[in-house]
Amino acid sequence: MKTWECDILVVGAGPAGASAALSAVRGGTRVFMVERKPAVGTPVRCAEYIPAPLLGEVGLGRHFVVQGVRGMRTILPDGEEKTIQTPGFMIARDLFDQALCRAARDAGAGLLLETRAISWKDGRVLVRRRSGDLGEIRARVVIGADGPHTTVGRWIGSVNRGLIPAVQVRVPLVNPMDFTEVYFQKSFYGGYGWLFPRGREANVGLGMKRVSRGEVRLSEALDRFVAELEEKGRVKNQPVGRTAGWIPAEPLRRVVQGPFMLVGDAAGHTHPITGAGVFQAVTGGAMAGRWAVRSLKKHDPDLLTGYEEEWRDLFAESHERGFRKRQFLEKEWGRLGEVVKCCWVAFREYYTNGR
């Protein structure tokens, strides 16, 4: 059995994991990443929008930018539209993830692809390669960036319990767009549909909860949504590359225990209403890496909790408001047209209504 040694092991090499690895290796520690996929960033399970400030924060250039976005347009069940200015970029998410991972590797972090973390015991993480070979990684801190169904989270009894299924296709656009669009319909229980432009194409997706077994399948609901958009002259119904995934939508929970830290989707840090998570993943990953370095250099494991405290200082108020709004929205879904404005970020009522 092959053995590797490092100070910090990062499980998962997406935006949260790569950001954690990058900040940790820049702090002077030995860092290793393991990624279960054969290639970082694929398949893409993301609407691929990032807010404008994030582009400057990561400092990785613009080669992954597909187009600029001026704002977001929300379409309510009765056809009312609300447009807000939220500058950002549509990106090629696979290229974005790969750029972050490459930056971490260039700084000195190691990477094993097609490698799964299996178990942990006494400072050793057992991993399995795609070949079936087992290996062992000795680490003083383990950062779990392994997505919604986190293995590292299971080791500390901290897992996502409020996951929403989502599915997405790419289709040709009839006319160019420079706004993202979000659609609320009563049939999209607990979620929404989206139309996000990517040059001559667009990502069309749907995330929603199921109420009963007899409901239309999510993929069928997406097919109907795409057909509706075609009827409105927005897209051509020629779907390519269907992908699916899970979106955490739950209250904050403990994400640090012993030598373990959770970041990104593994930590449930996705916004409970919008489903946005790339900014939180990159920011939180970098925080986790810095606090891991401080803990190791001062030989004080308790310092790891500083990551959780810093993240909550920055994001907790927004996250907790989002979860309260989600609870209310789901409870009152039958009155969607009446309550949606106080439950969606595009409207003033979202911030002023006390629910």
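## Nonpolar cores

In this predicted model, the largest nonpolar core has 72 residues, of which I8, L9, M33, F96, I143, M261 and Y307 touch the most other members. A nonpolar core is a set of buried Ala, Val, Leu, Ile, Met, Phe, Trp, Tyr and Cys residues joined through side-chain atoms within 4.5 Å; buried means under 20% relative accessible area (1.4 Å probe, protein chains only). The most is given to this core by helix α6 (residues 278-297), with nine residues; helices are DSSP runs of H or I with at least four residues, numbered from the N terminus.

With residues up to four places away in sequence not counted, M261 touches V141, V142, I143, G144, V255, V256, A288, W291, A292, L304 and Y307 (contact means heavy atoms within 4.5 Å). A second, separate core has 27 residues, including V182, W194, L329 and C343.

## Helices α1 and α3

Helix α1 (residues 15-26) and helix α3 (residues 93-107) have axes that come within 8 Å and cross at roughly 20°. The two helices are therefore roughly parallel to each other (angles under 35 degrees).

From α1, the contact involves P15, A18, S19, A21, L22 and V25, and from α3 it involves R93, F96, D97, L100, C101, A103, A104 and A107.

## Residue A221

A221 is found in helix α5 (residues 218-231) and is buried, with a relative accessible area of 12%. Between A221 and M208, the C-alpha to C-alpha separation is 9.7 Å in space, while they are 13 residues apart in sequence.

## Basis of the values

Residues are numbered from 1 along each chain as its sequence is written. Local features need pLDDT of at least 70 and side-chain atom pairs count only at pLDDT 80 or more, whereas totals for chains, interfaces and linings use all residues; side-chain values use heavy atoms, with hydrogens and water left out.

Terms used: Axes are lines fitted to C-alpha atoms, for helices over the stretch in contact, and angles run from 0 to 180 degrees between N-to-C directions. Angles under 35 degrees count as roughly parallel, over 145 as roughly antiparallel, 65 to 115 as roughly perpendicular and the rest as oblique. Buried means under 20% relative accessible area, exposed over 50%, partly exposed in between (1.4 Å probe, protein chains only).
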